[in-house]
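Open the model in your viewer and keep the selection panel at hand. This tour goes from single side chains out to the whole chain.

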Amino acid sequence: MLRKGNSKKISAQDEYYYEKTVPHDHLLRQINKAVDFSFIRILLSDRYSKHRGRPAEEPEFMFKICLLEYLYNLSDVQVIEHIRVNLAYRWFLGLNIDDDLPDDTTISYFRVNRVGLDKFQQIFQQIINQCIEYGLMKAKPTRAIIDSTHIIADVAIPTWLTLVRQSLKRVIDDLNLVDQVKAAYFQQRYEVLWEDLKGKTRDEKLPYVLELATQIVKVAGSLLSKNEYSNSSVIMLQKVILDREETARDRIISVVDPEARTGHKSDMRKIQGYKDHIMIDEESEFITAVKVTPANAEDGDQLMSLITQFKEAHDVFPKEITADKAYWFGKKSTIFI
């Protein structure tokens with residue numbers, strides 16, 4: 001439940017200290033001067049109950065924390081630790097020096113459940129609109145530059161054997177929620193099998209573990225699909241098994257980050273994670289469109305998505321597009337201006 005108004009206000013005494021300690025040319029002061037974040041409260045109001053629950057942290061306040069994470073490459077845990085000691089961060093968030101901070105888990109809940117991809121996209125485009133309104137960027141861009149950069153998945157990449165074992169364990173855990181007897185049965189079989197495989201190499205162990213995993217998929221798949229619990233763990237294990245075939249494409253590389261994939265920066269260099277495709281206005285250097293894909297996605301398949309993303313938000317196409325040759329290949333269609 002949202003409070004009636006934003007309750008955060010910096011006291012006169014703390015404002016004096018911030019004035020003395022936070023440089024006037026600090027990046028956060030520049031952002032705060034150029035961007036009006038107040039629209040975020042209205043935009044996200046439908047994600048909060050009007051009459052039930054405890055008073056929630058202000059949406060604008062929480063979004064600014066997410067922005068700090070992006071600007072300074074911080075995790076949920078790290079950003080809270082930094083806010084505790086960084087006066088510039090506290091000033092940007094509208095906090096007094098002795099104000100309490102939310103738990104780091106509140107940030108992830110806000111990001112996933114209060115905002116989500118669609119709302120983040122709306123916030124992003126609203127900020128671009130402000131840049132246009134304030135004359136920081138032309139309403140009809142002359143040229144846009146499109147390129148991609150790789151994002152390394154923030155997970156340990158396991159061996160095939162470990163990947164199968166991790167996927168198998170998740171299925172047993174989910175199966176335990178609906179049938180404890182069968183879950184205990186497969187857990188015991190797995191433990192006995194793993195004991196018997198001691199002394200063998202990974203390649204020697206893998207076929208036996210795959211055989212057990214295949215049996216678990218058959219049993220758990222029918223049970224979990226009929227229950228309120230999701231059978232996503234079964235689907236993942238099934239794909240991990242099929243990924244062992246030589247003809248397999250789009251292989252899963254982590255059960256912790258199942259959307260990450262292996263891409264190729266060059267013939268010799270592999271990238272395991274994602275690609276961040278961005279469109280930038282050449283003159284102002286503002287990012288105007290963004291799309292994140294698995295690392296194995298074709299650049300050319302994202303070209304139209306980036307262009308139409310900007311067109312749908314601002315009802316105009318850039319007059320010219322500059323991109324490397326990778327964006328020439330893939331799914332494209334004619335643009336009518």
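Select C66. At 9% relative accessibility, C66 is buried (buried is under 20% relative accessible area, exposed over 50%, partly exposed in between, with a 1.4 Å probe and protein chains only). The model is predicted, so to speak of local features takes pLDDT of at least 70, and side-chain atom pairs count only at pLDDT 80 or more, while totals for chains, interfaces and linings use all residues. Residues are numbered from 1 along each chain as its sequence is written, and side-chain values use heavy atoms, leaving out hydrogens and water.

Next, select C131. C131 is buried as well, at 8% relative accessibility.

How far is the sulfur of C66 from the closest cysteine sulfur? That sulfur belongs to C131 and lies 19 Å away, too far for a bond. The search of the whole structure finds zero disulfides (a disulfide is a pair of cysteine sulfur atoms within 2.5 Å).

Now colour by secondary structure. The chain has 12 helices and five strands; these are DSSP runs, numbered from the N terminus, with helices (H or I) of at least four residues and strands (E) of at least two.

Zoom out to the whole chain. Its C-alpha atoms fill a box of roughly 70 × 50 × 40 Å along the principal axes. Of the 337 residues, 39% count as buried.
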